[in-house]
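Hi,

Here is the structure I promised to pass on to you. Have a look first, and my notes follow below.

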Amino acid sequence: MMKQNILRYLFLLLAIPPILISCNGEFDKVIPESPGLDTNITFRTPKVLVIIADGARGTSVRDAAPVTPVLQSLLRNSIYSWNGLSDTSKNNATNWASMLTGVNKEKHGVLGTNFANNNLDDYPLVFERIKAANANARIASFASSEIFREKLTTGTDVSESFPNNDEALKTRMVDFIKSDNANLILGQFSGIELAGDAVGFDNSFPAYKEAIHSFDTRVGELIEAVKGRTNYKNENWMIVITSTRGGKHTLPLSENDKTIFSNTYSNIFTIIHNPSFKQTFVARPFLGSSFSGKSVRFMGDPEKTVGLVSPEISPNFNFGPDDDFTVSIKVRKNKNLKNTSRGDFYYIWPSFLGKRNNVLWGDAVGAGPGWDICLYQNRWRVLMSGGTDFIRGAEIVGLDVSGDSWHDLTVVFEKKADGARYVRLYTDGVLGVTNSVSGVVGTPTEPVASAVKLAGTPNFDNDDPMRIGYAPGESDVNFGKIDINLAELKIWKTALPESVIQQYACDITMNTSHPYYDHLVGYWPLGEGTGNKMGDKGPFVADFTLQGTYRWETFNDLICSPPIANLNNKVPNGIDMSVQVLNWLNITRQEKWKLDGRVWVSN
């Protein structure tokens, strides 16, 4: 009898599908803790229905509750949010690609509807990943966009389009769901976006609200088709309903905190539903502290807004090959009014602070020694050159500073015991490098928390004035002109330790309580509010004199708001969809895929 019981036990262990064991073990390592499931469940065949609504602004869908009874009925068994995030690029192709690859645009490379220079071979669609794991998996995609069908359905068994005809699309999906045994069925709907483009993306426009209501009705028919399947009781359906992006709308001042969550283009909703899920609402995270005052708006060519310290005082801010020093400044990027195709806050290389009279690369004719702090795509960089074996210099790129809020940027130059000079970049007190330089290899999505060792014997001394704002050498007419507000500039003649930077990065004042107050060689609050002088409270009284076209602006914003990249795992994001689908279908996530999305509930 004992032998028989042991054999039965071994047989049961062997009968458990290996893929379930390996999948759960893998995801335990790579995802945050997920909301719990009810315990009274049985293992059934996992299936997924994905419903995408282009142009459905998350808070508008939330506020349309009286006309969305289907969506509301799902919430009691869903993980959901009305404040999810999409990419800021404002085009559907980029967001579709992020949703279907599970990676950000910096990886998949889809920046427009022409799909030029994309990296979809390196970061394939979720359909292809499913097929690679299970060649017998059946996948169907139904789209209201022909571009979607043509460019983003590789790996599907069924791919059909119904251009701008959501009703025909829904009817076909209902018939397919009832009769086919696909593992993944996806529908992409465009009716809400079409209404938004015509009248506006807000419920105050009846046509937009009615489009949300029509979408809700169609969702109800799709779910009823799922529940009506002959084999439904043996299937375990996860239903994902989400929007590609929002759309243009001017929020009331009381609702606009000027963070990414007030970007009406990026505001999406997400509902992840299964009858066994416990209701879990994902709210907006903490977004920073209040910061108010007055500041100059620094513009590039042709305004050429610049503040200069006099030639007599500027030499006090030369730091030779043996000098340590630290520079810290509060920065608010304004939306790039020239071109937003790569995001609202994307700039290429313009300088806004430094001791050098141009932004040319190190060994370019006329470049000369010195250092600059510049905008760099959605990030920022320090460009420096000069000295023995350092003529060409180096550029070190920091973390993301997108969003219409203030950030603290701090750069530390330090000579260490090995005789070499090192540079550390902190964004809101967080150490991070996002490019490849001097052996440090970082990326926008995978920064490296490391100091960078400079080659040779750098020497930044020059005869140029200490400068804030515009510098000659701005290059790109669409992305190369600064548009930025600045405050609280501080320079210490010492290398601040990391603990001090982390503690004081988001402070908006400076006084004698600061442990390195006595090491200050320059402190400019930059908040006079009028006139052409920005006074220095440091020992050299190195006031900036404003030149070019400038204006003082009153601001009331947040400071040290988390960058978009850090918010991806705080609220549901477009890039999460593929990762959630793979998890539900018990396909093990592999580190080499370098996926950016997270799982909100494990299967």
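Let me start with a question: is the crossing of helix 7 and helix 14 left-handed or right-handed? It is right-handed. Please keep in mind throughout that this is a predicted model.

Here is the rest of that helix pair. Helix 7 covers residues 126-133 and helix 14 covers residues 576-584. Their axes are 10 Å apart, and the packing angle is about 20 degrees. Angles under 35 degrees count as roughly parallel, and helix 7 and helix 14 are therefore roughly parallel to each other. On the helix 7 side, the contact is made by Val126, Arg129 and Ile130; helix 14 contributes Ser578, Val581 and Leu582. By type, the residues of this contact divide into 4 nonpolar, 1 polar and 1 charged.

Now to the cores. In soluble globular proteins, nonpolar side chains tend to be buried together. The largest nonpolar core in this model has 50 residues. Phe352, Leu353, Met384, Ile468 and Leu489 are the ones with the most contacts inside that core. If you click on Leu489 and set aside its neighbours within four places in sequence, you will find it in contact with Val327, Ser328, Ile329, Leu353, Ile468, Gly522, Tyr523, Trp524, Leu526 and Phe544. Apart from this core lies another one, of 48 residues, and Met99, Ala143, Ile260 and Val581 are among them.

- The peptide bond from Asp301 to Pro302 is cis, with omega near 15 degrees. Pro302 is found in the loop between strand 9 (289-299) and strand 10 (306-308).
- Trp349, in strand 12 (residues 347-355), has a positive phi of about 75 degrees although it is not a glycine. Its relative accessibility is 41%, so Trp349 counts as partly exposed.
- Val541 is another residue other than glycine with a positive phi, here near 45 degrees. Val541 lies in the loop between strand 27 (533-534) and strand 28 (544-547).

With a relative accessible area of 44%, Asp63 is partly exposed. How far apart are Asp63 and Ser190 in sequence and in space? They are separated by 127 residues in sequence and by 20 Å in space, C-alpha to C-alpha.

Definitions and conventions:
Residues numbered from 1 in each chain as written. Predicted model: local features only at pLDDT ≥ 70, side-chain atom pairs only at ≥ 80, totals over all residues. Heavy atoms only, no water. Core = buried A, V, L, I, M, F, W, Y, C linked by side-chain atoms within 4.5 Å. Buried < 20%, exposed > 50% of the residue type's maximum accessible area, 1.4 Å probe, protein only. Contact = heavy atoms within 4.5 Å. Axes fitted to C-alpha atoms, helices over the stretch in contact; angles between N-to-C directions. Helix = DSSP H or I, 4+ residues; strand = E, 2+ residues; numbered from the N terminus. Parallel < 35°, antiparallel > 145°, perpendicular 65-115°, else oblique. Left-handed = near helix turned anticlockwise from the far one by under 90°. Nonpolar A, V, L, I, M, F, W, Y, C, P; charged D, E, K, R; others polar.
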